[in-house]
Amino acid sequence: MDTLTIDKKDTVVILTLNRPDKLNAINKAMIAELSEGLHEIRRDPLARCLVITGAGKKAFAAGADIAEMEHMDFSGAKTFAEKGCAVMQDIETLPIPVIAAVNGFALGGGMELALACDIRIAAENAVFGLPETSLGVIPGFGGTVRLSRIAGYAAAAEMIFSGKAVDAIRAQQCGIVSHVVKPEELMGYACSLAEAISRNAPLAVKAAKRSMRPAQDTAMENMLFAQLFLTKDQRTGMDHFLHKKKAEYFLGE
Ligand code: COA
């Protein structure tokens with residue numbers, strides 16, 4: 001696989017998002033490989049817990065790939081978000097528990113991926129944010145629905161409307177993260193938690209996950225996400241990021 005790696009330590013599977021030069025931004029190829037990789041993990045009878053992390057020291061994933069999204073039209077954006085949402089749901093409905101080990105930036109689609117996991121452990125340098133409204137769009141991989149559910153409406157509204165990122169401690173206060181550890185201890189902590197989960201009765205752990213699964217409806221988010229690709233603001237927002245220009249006043253067109 002080009003965009004991710006999958007390793008196994010006994011019953012613990014470690015999936016690493018692997019585009020460190022682009023801060024592990026989630027492109028179409030990564031979505032396809034995640035779908036394939038998760039399918040394999042789902043079929044592995046020996047797998048008891050999955051840990052997802054990002055390659056490099058800087059990022060878990062800095063969002064969906066803006067360079068790929070910049071010129072998408074309505075139907076391209078709709079399909080992209082549907083596929084992204086399906087992968088997030090594959091994570092959420094994987095029968096075994098999934099731990100996000102967040103090592104740095106978890107922005108946009110990267111934060112949405114972490115939100116689809118059951119448990120989030122953050123390094124002290126982790127940064128969480130959904131900056132999509134600063135790019136003229138909204139989260140498209142289920143983030144509006146999941147963040148509201150996990151952190152509560154007010155904290156989610158503050159983050160999504162302002163686009164402002166929060167550090168690991170604030171993310172813990174909001175209930176997004178359950179533990180904050182030193183960067184060098186992150187994978188050790190996440191793997192030892194995964195091993196502890198793996199030692200419990202696997203049928204009971206799977207039953208607990210099924211029983212805790214929330215109701216889900218991201219259809220409205222998907223339609224609104226795609227409609228924003230009909231606006232000038234989306235072109236302006238993404239063009240400004242990619243060409244490293246200062247943000248301009250959005251015209252609302
Ligand atoms: N999509 C595509 N490329 C991305 C990306 C994304 N979401 N996030 C980072 N990259 C790329 C950058 O374009 C840059 O590529 P280049 O070296 O070819 O120019 C590379 O990753 C490194 O990022 P850079 O911005 O130079 O790093 P930085 O340390 O200065 O800033 C961030 C880090 C995370 C603050 C910044 O990359 C950022 O704001 N990323 C976008 C976050 C975002 O809006 N995500 C939501 C998308 S919907």
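Let me start with two terms: on a 1 Å grid over the protein atoms alone, a cavity is a set of points where a 1.4 Å probe fits but cannot get out, while a pocket is an open set with protein on both sides within 12 Å along at least five of seven lines, and lining residues have an atom within 4 Å of a point. For volumes, grid points are joined across faces, edges and corners, and we take the space filled by probe spheres set on the points. The idea is simple: rolling a probe the size of a water molecule over the atoms shows where empty space is left.

Two notes before we look around. This is a predicted model, so local features need pLDDT of at least 70, side-chain atom pairs count only at pLDDT 80 or more, and totals for chains, interfaces and linings use all residues. Residues are numbered from 1 along each chain as its sequence is written, and side-chain values use heavy atoms, with hydrogens and water left out.

The structure holds 1 cavity of 30 Å³ or more, and the largest cavity has a volume of about 50 Å³. Its lining is made by R48, P95, I96, P97, I197, S198, N200, P202, V205 and K206. Two elements, α8 (186-199) and α9, each give two or more residues to that lining; helices here are DSSP runs of H or I with at least four residues, strands are runs of E with at least two, and both are numbered from the N terminus. The biggest contributor to this cavity is α9, with 3 residues.

Of its 16 lining residues, C117, D118, I119, K209 and M212 are the closest to the centre. Here α9 gives the most to the lining, with 4 residues.

Now for the largest pocket, at about 740 Å³. It is lined by 35 residues, and A62, A64, I66, L135 and F241 are the closest to its centre. Which element gives the largest share of this lining? That would be α11, with 6 residues.

And this is where we find the ligand: it sits in the largest pocket, meaning that more than half of its atoms lie within 2 Å of the pocket's grid points. The ligand is surrounded by 19 residues, the closest being K22, K58, A62, A64 and I66; a residue counts as near if one of its heavy atoms lies within 4 Å. By class, this shell has 11 nonpolar, 2 polar and 6 charged residues. In that scheme Ala, Val, Leu, Ile, Met, Phe, Trp, Tyr, Cys and Pro are nonpolar, Asp, Glu, Lys and Arg are charged, and the others, Gly among them, are polar.

What about polar contacts, meaning pairs of N or O atoms within 3.5 Å? An oxygen atom of the ligand is 2.5 Å from an N or O atom in the side chain of K22. On the backbone side, a ligand nitrogen is 3.0 Å from a polar backbone atom of A64, and a ligand nitrogen is 2.9 Å from a polar backbone atom of I66. Taken alone, the ligand exposes 860 Å², and the protein buries 69% of that, with areas from the Shrake-Rupley method and a 1.4 Å probe.

Methods: Polar contact = N/O pair within 3.5 Å; in protein donor to acceptor, adjacent residues only side chain to side chain.
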